[in-house]
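Colleague: I would like a close look at a single part of this model. Please take me through it step by step.

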There are 2 protein chains.
Amino acid sequence: MTITHAEENYLKAIFTIAEKEAGPALTNAIAAQMQTSAASVTDMLKRLSDKQLITYEKYRGVQLTEEGGRLATALIRKHRLWEVFLVDKLGFAWDEVHELAEQLEHVQGNDLVSRLDSFLGYPKFDPHGDPIPDAEGRWTFRKQAPLATLKAGERGIVTGVDDHSTTFLQYLDQLGLILGAELELLERFPYDQSVRVRIRDGRELILSDKVTQNLFVKIS
Amino acid sequence: MTITHAEENYLKAIFTIAEKEAGPALTNAIAAQMQTSAASVTDMLKRLSDKQLITYEKYRGVQLTEEGGRLATALIRKHRLWEVFLVDKLGFAWDEVHELAEQLEHVQGNDLVSRLDSFLGYPKFDPHGDPIPDAEGRWTFRKQAPLATLKAGERGIVTGVDDHSTTFLQYLDQLGLILGAELELLERFPYDQSVRVRIRDGRELILSDKVTQNLFVKIS
DNA sequence: AAAAATATTTAGGTAAGTCTAAAAATAAGT
DNA sequence: ACTTATTTTTAGACTTACCTAAATATTTTT
Ligand SMILES: [Mn+2]
Ligand SMILES: [Mn+2]
Ligand SMILES: [Mn+2]
Ligand SMILES: [Mn+2]
């Protein structure tokens, strides 16, 4: 049973939604994620259901089967490993690699993923701080929370982002808030929930509520 | 104007045929190369002609336009660079990389090829000894000839293969006839045109006519 | 030059994946 | 409970890329 690129992309979208919403993925949510029409989604859901990759009840949304989950996880693994390759080996910036990884994740071959994994030194996280499942599909979780939850006086290390948009990533670059950056929250302004932080080199920054909600830190 | 994977593959096939046959590529030759039906080829030729990537005269075969040639060359460049990556960086054997490169060559992105090229150290030849065109589409040619043309007493260095099949490549591995291997032709047997050669470590091998015609050497 | 063989194109179909518009089901509001 | 709004599915159509079978063009043979 062969699986198409489109089918793989839908499985990934369903996985992502199910993870976030914690329940069945609804047609419209999938359509939004895939940037396509609800009609096209319904079409595809039938195909995926025929292939036993999802369980599908009309009007009730879908869930991945065990096999569907395995495939989605493998795809995410490939996507994130390729992102590590593009950043660590080819020198791309972290805001430039997503579209390329969207293509590379579909390349299939026997040993490719494991050899790539080995070549990269078995990374546990991708350039955006997202975890990379291992060959058996096991995830490494990390204690992290949005910067918005940090209290004044606490210190943290930047470990990831929720928003993956180019504009956000480039803004963080400009601020020097790359992965691993250390910071201390000096104060939070009640007016708009913005914060003042001090970073490693002593510089102080004001970060908006929007930034603090989309930036993950590990409390240190 | 977007170009599909299938279209790219046809352009490459036409390029390869035109190179070998030195003339227009005929429908049946393309069908054979693409392992598809002549009817499907005719279909595609119309599409490529509409996109001005080939000049097509019914029943008379096709030729690549300048733009078509540029695209085909770029595709071959990508294919061969990825093959170098798979062998040099991921440790694949030279007989394992073609199918993967067939997929990787279609990945498109701004800087990808040039960064890959740089990462690999600007290789001029792929793992099979085939030349890699540079970013401007210029080819590096090498004085090489089939081992069949070598005369008794002459020495050569293995520089490439004509037959790219797994069985041939693995057989060469077994014999120790990898790229760069030095050999001396000791004698040619008139009966079947097989030859006796001595290789670097002093071992002597008997090579069939089929082998000598598919193995390229640089006379040294 | 006509007949036979070969090469190529056309005709008609299929499957994947997409679309818009209309119909049907479900959920929400009064 | 009934009406309205929202969500989802169905219907019908389009494109790409493939197929087989039949028709036509070209080349080769006699
Ligand atoms: Mn990504
Ligand atoms: Mn990522
Ligand atoms: Mn190849
Ligand atoms: Mn090659």
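Which helix of chain A holds both A:His79 and A:Glu83, and how many residues apart are they?

Modeller: This is a predicted model. The helix is α4, residues 66-89 of chain A. A:His79 and A:Glu83 sit four residues apart there, about one turn of the helix. A:His79 is buried, and A:Glu83 is buried too.

Now the metal. A:His79 gives NE2 to the manganese ion (ligand 1), A:Glu83 gives OE, and A:His98 gives ND1. Along the sequence, the donor residues follow the spacing H-x3-E-x14-H. A:Glu83 also coordinates the manganese ion (ligand 2), and the two ions are 3.6 Å apart.

Helix α4 also contributes to the largest nonpolar core, which has 31 residues. Those with the most contacts inside this core are A:Trp82, A:Phe85, A:Leu86, B:Trp82, B:Phe85 and B:Leu86. In each of chains A and B, α4, α5 (98-104) and α6 (112-119) each supply at least two residues of the core. Take A:Leu86. Leaving aside residues up to four places away in sequence, A:Leu86 touches A:Gly91, A:Phe92, A:Val97, A:Leu100, A:Ala101, A:Leu104 and, from chain B, B:Leu112.

Last, the pairing of the chains.

Technical notes. Residues numbered from 1 in each chain as written. Chains lettered and ligands numbered in written order. Predicted model: local features only at pLDDT ≥ 70, side-chain atom pairs only at ≥ 80, totals over all residues. Heavy atoms only, no water. Donors = N, O, S within 2.8 Å, 3.2 Å for Na, K, Ca; no water. Buried < 20%, exposed > 50% of the residue type's maximum accessible area, 1.4 Å probe, protein only. Core = buried A, V, L, I, M, F, W, Y, C linked by side-chain atoms within 4.5 Å. Contact = heavy atoms within 4.5 Å.
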